[in-house]
Amino acid sequence: MTTAAPAGSSRALAHPTRAEIRLEGVLHALSDPMRLRIVQELAADGDELSCSHFDLPVTKSTTTHHFRVLRESGVIRQVYRGTAKMNGLRAVDLDALFPGLLGSVLAAAARQESERGDD
């Protein structure tokens, strides 16, 4: 069962529980370059970042879609803090379910980026 908004709160966002996170959903979420970029920035920062922190070369509606895919797959957790929507990587949940997956994907992405830079 997904965690839902508490009664009377229209600002809480639904997230899958740890048990509901599926490998195919996580892999799908990480397969898009923009979503992978978001995850890389969250991993590098190690803390929550607001949606406005990310400067993606796509429209605002596309950015919103990418964050929704990441949240619904269980890769990130989003919470409102005042007027800002804050994003945090669910690394503990992902590592518990799929040990080493997130680290391997991030390392492979970094390697790929550095190889592109060497061309």
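**View 1. Asparagine 87 in strand β3.** Asparagine 87 sits in strand β3, residues 84-89. Strands are DSSP runs of E, at least two residues long, and helices are runs of H or I, at least four, both numbered from the N terminus. This is a predicted model: local features need pLDDT of at least 70, side-chain atom pairs count only at pLDDT 80 or more, and totals for chains, interfaces and linings use all residues. Residues are numbered from 1 along each chain as its sequence is written, and side-chain values use heavy atoms, with hydrogens and water left out.

Asparagine 87 counts as buried because its relative accessibility is 0%. (Buried is under 20% relative accessible area, exposed over 50%, partly exposed in between; 1.4 Å probe, protein chains only.) Its side chain makes a polar contact with the side chain of glutamine 78, at 2.7 Å. (A polar contact is a pair of N or O atoms within 3.5 Å; within protein, one must be able to donate a hydrogen and the other to accept it, and residues adjacent in sequence count only if both atoms are side-chain atoms.)

**View 2. Surroundings of asparagine 87.** Neighbours within four places in sequence are left aside here. Asparagine 87 is then in contact (heavy atoms within 4.5 Å) with residues including Asp47, Glu48, Ser50, Phe54 and Arg77.

**View 3. The largest nonpolar core.** This core has 20 residues. (A nonpolar core is a set of buried Ala, Val, Leu, Ile, Met, Phe, Trp, Tyr and Cys residues joined through side-chain atoms within 4.5 Å.) Val26, Ile38, Val39, Phe54, Leu70, Val75 and Leu94 have the most contacts inside it. Two or more residues each come from α1 (23-30), α2 (33-45), α3 (60-73) and α5 (101-117). Helix α2 gives the most, with 4 residues.

**View 4. Helix α2 against helix α3.** The two axes come within 10 Å and cross at roughly 70°. (Axes are lines fitted to C-alpha atoms, for helices over the stretch in contact; angles run from 0 to 180 degrees between N-to-C directions.) Helix α2 is therefore roughly perpendicular to α3, a term for angles of 65 to 115 degrees. Met34, Arg35, Ile38 and Val39 of α2 make the contact with His65, His66, Phe67, Val69 and Leu70 of α3.

**View 5. Isoleucine 38.** Neighbours within four places in sequence are again left aside. Isoleucine 38 is in contact with Phe54, Leu56, His66, Phe67 and Leu70.

**View 6. The whole protein.** The protein has 5 helices and 3 strands. From the N terminus, the order is α-α-β-α-β-β-α-α. Buried residues make up 34% of the 119 residues.

Notes: Parallel < 35°, antiparallel > 145°, perpendicular 65-115°, else oblique.
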